[in-house]
Amino acid sequence: MGEAADGPVVESEDVVSIVMAASRLVMGISARALTSVDDSLTLPQLRTLVALEGCGPVKLALLAEVLGVNSSTALRSVMRLEQTGLVDRRASEVSRREVVLRLTPRGEELVRQVLAHRRREVERLVEGVPPEARAGLVNGLRALLEHAGDRSIVIPGVPEEFREAAG
């Protein structure tokens, strides 16, 4: 590994391996948080709920785009979540032919509880990271999130226009 003007050069493979490991960590945290609140839901269903919380109320096509799935896959997920009382489908006030999806109050509360549980677990992890490493962690993850362009994710410190432009 070489040395750049601003520190060591990190090989792309090393970055990929670390991001993959961090992703696995976050998936585990998410799974534990979901299980602590409602063990009948799957992680993809939670992802749908969190996406709706972040960008709803929305039409099905936009939800599918945000989730990176086709409309029929999104519709199946929404239908299951609607049956459990977590999502509501209604005709748009603008056009009766369009359907708008939104979380029900029960869905909002479930997302709030899961995210709060996940936040507490992440806070405990961050407390164990040496303060001098935190800035690099924040900068690297912010750059990764910006590059990903997921409009359902609010990135602290990044203007709202970024989310709009990412789509």
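In this predicted model, the axes of helix H2 (residues 43-55) and helix H5 (residues 105-127) come within 10 Å and cross at roughly 105°. H2 is therefore roughly perpendicular to H5, since an angle of 65 to 115 degrees counts as such. Two packed helices are described by the angle between their axes and the distance between the axes.

**The contact of H2 with H5**
- On the H2 side, the contact is made by Leu46, Leu49, Val50 and Glu53.
- On the H5 side, Leu110, Val111, Val114 and Leu115 make the contact.
- Sorted by class, seven residues of this contact are nonpolar, none is polar and one is charged.

**Glu121 in helix H5**
- Helix H5 also contains Glu121.
- Glu121 counts as buried because its relative accessibility is 15%, and the cut-off for buried is under 20%.
- The side chain of Glu121 forms a polar contact with the side chain of Arg32, at 2.4 Å.
- When neighbours within four places in sequence are left aside, Glu121 is in contact with Ile29 and Arg32.

**The protein as a whole**
- Seven helices and five strands are found in the protein.
- Their order from the N terminus is β-β-α-α-β-α-α-β-β-α-α-α.
- Of the 167 residues in the protein, 26% are buried.
- Among contacts with a separation of 6 or more, 41% join residues 24 or more positions apart.
- The accessible surface comes to about 11000 Å², and carbon and sulfur atoms account for 57% of this surface.

Key:
Residues are numbered from 1 along each chain as its sequence is written. This is a predicted model: local features need pLDDT of at least 70, side-chain atom pairs count only at pLDDT 80 or more; totals for chains, interfaces and linings use all residues. Side-chain values use heavy atoms; hydrogens and water are left out. Axes are lines fitted to C-alpha atoms, for helices over the stretch in contact, and angles run from 0 to 180 degrees between N-to-C directions. Helices (H or I, at least four residues) and strands (E, at least two) are DSSP runs, numbered from the N terminus. Angles under 35 degrees count as roughly parallel, over 145 as roughly antiparallel, 65 to 115 as roughly perpendicular and the rest as oblique. Contact means heavy atoms within 4.5 Å. Ala, Val, Leu, Ile, Met, Phe, Trp, Tyr, Cys and Pro count as nonpolar, Asp, Glu, Lys and Arg as charged, and the others, Gly among them, as polar. Buried means under 20% relative accessible area, exposed over 50%, partly exposed in between (1.4 Å probe, protein chains only). Accessible areas come from the Shrake-Rupley method with a 1.4 Å probe; for residues, only the protein chains shown count as cover. A polar contact is a pair of N or O atoms within 3.5 Å; within protein, one must be able to donate a hydrogen and the other to accept it, and residues adjacent in sequence count only if both atoms are side-chain atoms.
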